[in-house]
Amino acid sequence: MRFSPISQESSDVQFAMPFLDERFDTIHQLLRRQNLSVMPGPFNSQADVSKAYRESAVIMTRTLPHEAGHAIIGLALNAGDVLEWIAVYVFREGEPGGGCKWGEKSCAPEHPLMSSAAGMAGEKLKYGDYSVDLARLDKADLARLGFNLKNLPELIGKCSDLIQSHESAWKELQQLLYERTVSDLTNRIDAIRQGDLDVGVVTGQEARDIFAGKAITT
Ligand SMILES: [Zn+2]
């Protein structure tokens, strides 16, 4: 997915919100104000344009607990020292998407499985379900690791328990990702339009500090 400029003015037609969420509302308003969408065009009608803003905002909002979930599980499984960054949207080698960047580290065979399921667990904890779109790459990773997806609910449950035992760090990480995303969508819009800015970046050190219970000043 990538940000694409939308040239048409969006209408003021009110749509039912996919879910009530203050973060969604703020991100949705910013995307509309900046004429940005992460959905592929073309958009042929006002309804298409409005839908693109809404879906983009849903994806970005859900990415917050999703990526924070990946990060917290990695930190809890002792891989924090190789966490390089977390971002809500990144543009690397022409392939945009939310993500956590990890260095190499040897670990127990179950850890990569939990790491892959962690985003779905984070989203489910926050919103009661996970989105198929954000889960696609994670499910592909699990399949590649030889995991039987029939056992996914159990694996997600295990991740949820671990995330919940670090709930305040998980929430604080989401909040920092959210604040950075809002700041980037407000102040760094030209770089985002050109596709050369990662959105909402939190560094590995900041994530480690949050996990260790240290306060982050933004
Ligand atoms: Zn994921």
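1. Helix α1 spans residues 22-34, 13 residues in all, and runs 18 Å from its first C-alpha to its last, close to the 18 Å expected at 1.5 Å a residue; the expected span is 1.5 Å times one less than the number of residues. Helices here are DSSP runs of H or I with at least four residues, strands are runs of E with at least two, and both are numbered from the N terminus. The model is a predicted one, in which local features need pLDDT of at least 70 and side-chain atom pairs count only at pLDDT 80 or more, while totals for chains, interfaces and linings use all residues. Residue numbers start from 1 along each chain as its sequence is written.

2. The buried residues of α1 are R23, I27, H28 and L31, where buried means 20 or more other C-beta atoms within 10 Å of the residue's own, exposed means 12 or fewer, partly exposed lies in between, and C-beta atoms are placed from the backbone. These residues lie on the same side of α1, because they cover an arc of only 125 degrees around the axis, the arc being that of the directions from the helix axis to the C-beta atoms. An α-helix has 3.6 residues a turn, so residues three or four places apart point the same way.

3. The partners of the buried residues of α1 are β2 (36-37), α2 (46-76) and α6 (167-187), with contact taken as C-beta atoms, placed from the backbone, within 7 Å. In α2 one may look at V58, which counts as buried because it has 22 C-beta neighbours inside 10 Å. Although V58 and R23 are 35 residues apart in sequence, their C-alpha atoms are 9.5 Å apart in space.

4. For α1 and α6, the axes are 10 Å apart and the packing angle is about 15 degrees, which makes the two helices roughly parallel. Axes are lines fitted to C-alpha atoms, for helices over the stretch in contact, and angles run from 0 to 180 degrees between N-to-C directions; those under 35 degrees count as roughly parallel, over 145 as roughly antiparallel, 65 to 115 as roughly perpendicular and the rest as oblique. On the α1 side the meeting residues are R23, T26, I27, L30 and Q34, and on the α6 side Y178, T181, V182, L185 and T186.

5. Just after α1, N35 adopts a positive phi of about 55 degrees.

6. As to the whole chain, eight helices and five strands are present, and 38% of the 218 residues count as buried. Among contacts between residues at least 6 apart in sequence, 74% join residues at least 24 apart.

Terms used: Two residues are in contact if their C-beta atoms, placed from the backbone, lie within 7 Å.
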